[in-house]
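Here are my notes on this one, as numbered points. Have a look at the model first.

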Amino acid sequence: MTDAAESDHLRRLPPHLLRDLAPRVLGVMVRRYRDFAVCEDAVQEALIAAAEQWPREGLPDDPRAWLIRVAVRRLTDAVRAESARRHREELTVSLVPPDEQIALAADAAGGSERDDTLDLLFMCCHPTLSPASAIALTLRAVGGLTTVEIARAFMVPEATMAQRISRAKQSIEATGRQFEMPAGEELAARLGAVSHVLYLIFSEGYAASTGGELIRTDLSGEAIRLTRMLRRLVPDDPEVAGLLALMLLTDARRAARTGPAGEIVPLDRQDRSLWNPSAIAEGVALVSQALPRRRLGPYQVQAAIAAVHDEAPSAEETDWPQILALYQLLGRLSDNPVVALNEAIAVAMVHGPAAGLQKLDALAADPRLAGHHRLEAVRGHLLERAGDRSGAVACYRRAAAGTASLAERDYLLIQAARLDEPR
Amino acid sequence: MKYMLMMNHPGTGPYTVMSWPEEDLKRHIGFMKTFARKLAAAGELVLAEGLATPAQAKLIRAGKNGQPATEGVFPESKEFLVGFWIVDVETPARAHAIAAEASAAPGKGGEPMSIPIEVRQVMSPPPVEP
């Protein structure tokens, strides 16, 4: 099937239906047959079959049961093909535990389905996997995306992405699966790993939205959808709520973030009427609910900062003292040099550019930031505010030479050129 | 047939665009974006990438133990690849025409840069026997 035909089919299905069903079907399959890699392939094939057949033949009465049935059939086919090569029957017996050869009655229970999906997320975002592997596997196994869609999102050949996913599955098998649900600190740590992977997926998609790419899978949209799902699974976790809020509050500005030629438009020059008010309202509500729970974390604080920006009617009316306080809080929660850079901007906005530059000089001693293009970009910005045009031009150009992002380089060069014009 | 079109920049110094006036810079950036979009819309673009500045570039060889050994900075005279397009076209002439269009990218004052574009055919699978 061609890509166009595939997307045409999917368009006529309720949006996200297949992707939402994917982890629920895979969860049942893995619980029943244990072998994650084989089950994941079978579910992927069932999803592709559904995308082909449902638009033509109509939705089945119970789409989830349909998918499970087809996936089981594909699994059986795969096992048969395998056992024909090896010794018959042996593998079938080992793959299907005797007590689970009949469909589990517990399938319908909501509680176990919740654990299944969480379990899948924990597995796909296992700390032993590299971020790139975890991202690809999460998008396929939990997100229900096809390998082609994931490959397109990361602009790598399909065969490369297929290999990355299959290696990730192998290393999961190697670490050995844990069926018991972690509790307490272990649960928080595993949730943190999942949140990090979802945040990386979001950032990748958000950054790419300036790249002028024509057909890339909407990764930020997928990250938001998966984080919503995660939040339904752990509704009381304030950091997961904070992560969802941060994504919504950032994504709300997407339409204003690039100009007509695809150039970056900085926050203070964005047309705020293009911001998405319902995403802002939802994000603000989430972060307001999460903050009083007194289990503060970096995502909540970042979301709070985004909320202050989003709620300002104009750049001039931004509550910078509050943003500064939040950055100071964030700095205490996580030792991140980029956070410190943003804090320097907030210092400049509250106490003047000289104070911000002083803070930057202190940061330049941090080996993680020495010679970093972001440091030069911020210095250029603050020097410009301080009225030092030639100093700012030099910083912007050094930053432009250091960045590996074309959109960012163009933006920095234009800043330099704007200041360099004779007046 | 596929061709790789390579745009080179002389020397290891900063790219010439870095010191252009705002208007010229914006015109050049706009041209490059439209150019890639046009090639994609025509069904001819396989891949287009810009490369980070040579300041970050390294020459690597395998050392005695097989570990990467850096050869330090490049000689000042060396030409640098700043970006490339891979296009899939019907004829060599079409690849040359695309290269000429890229070469005429607007430079300072909006004048065509006439920057040299190296055109190389990408190797293809073996021919099918009749």
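1. In chain B, four strands make an open sheet, ordered β2-β5-β1-β6, with antiparallel pairing (strands are DSSP E runs of at least two residues, helices H or I runs of at least four, both numbered from the N terminus; two strands pair if DSSP finds at least two bridges between them). β2 (45–50) and β6 (117–121) of chain B are the edge strands with a single partner each, so one side of each has no neighbour in the sheet. Direction ignored, neighbouring strands are turned by 20° against each other on average.

2. This is a predicted model: local features need pLDDT of at least 70 and side-chain atom pairs 80 or more, while totals for chains, interfaces and linings use all residues. Residues are numbered from 1 along each chain as its sequence is written, and chains are lettered from A and ligands numbered from 1 in the order written.

3. β2(B) and β5 (residues 79–88) of chain B pair over five bridges, in the antiparallel sense. B:Gly50 sits opposite B:Gly83 in β5(B).

4. Now to chain A and helix α14 (residues 298–311). Its 14 residues should span 20 Å at 1.5 Å a residue, and the end C-alpha atoms are 20 Å apart, which agrees (the expected span is 1.5 Å times one less than the number of residues).

5. Twelve of the 14 residues of α14(A) are buried, so the rest of the structure largely encloses this helix (buried: 20 or more other C-beta atoms within 10 Å of the residue's own, with C-beta atoms placed from the backbone). Among them are A:Pro298, A:Tyr299 and A:His309.

Conventions:
Axes are lines fitted to C-alpha atoms, for helices over the stretch in contact, and angles run from 0 to 180 degrees between N-to-C directions.
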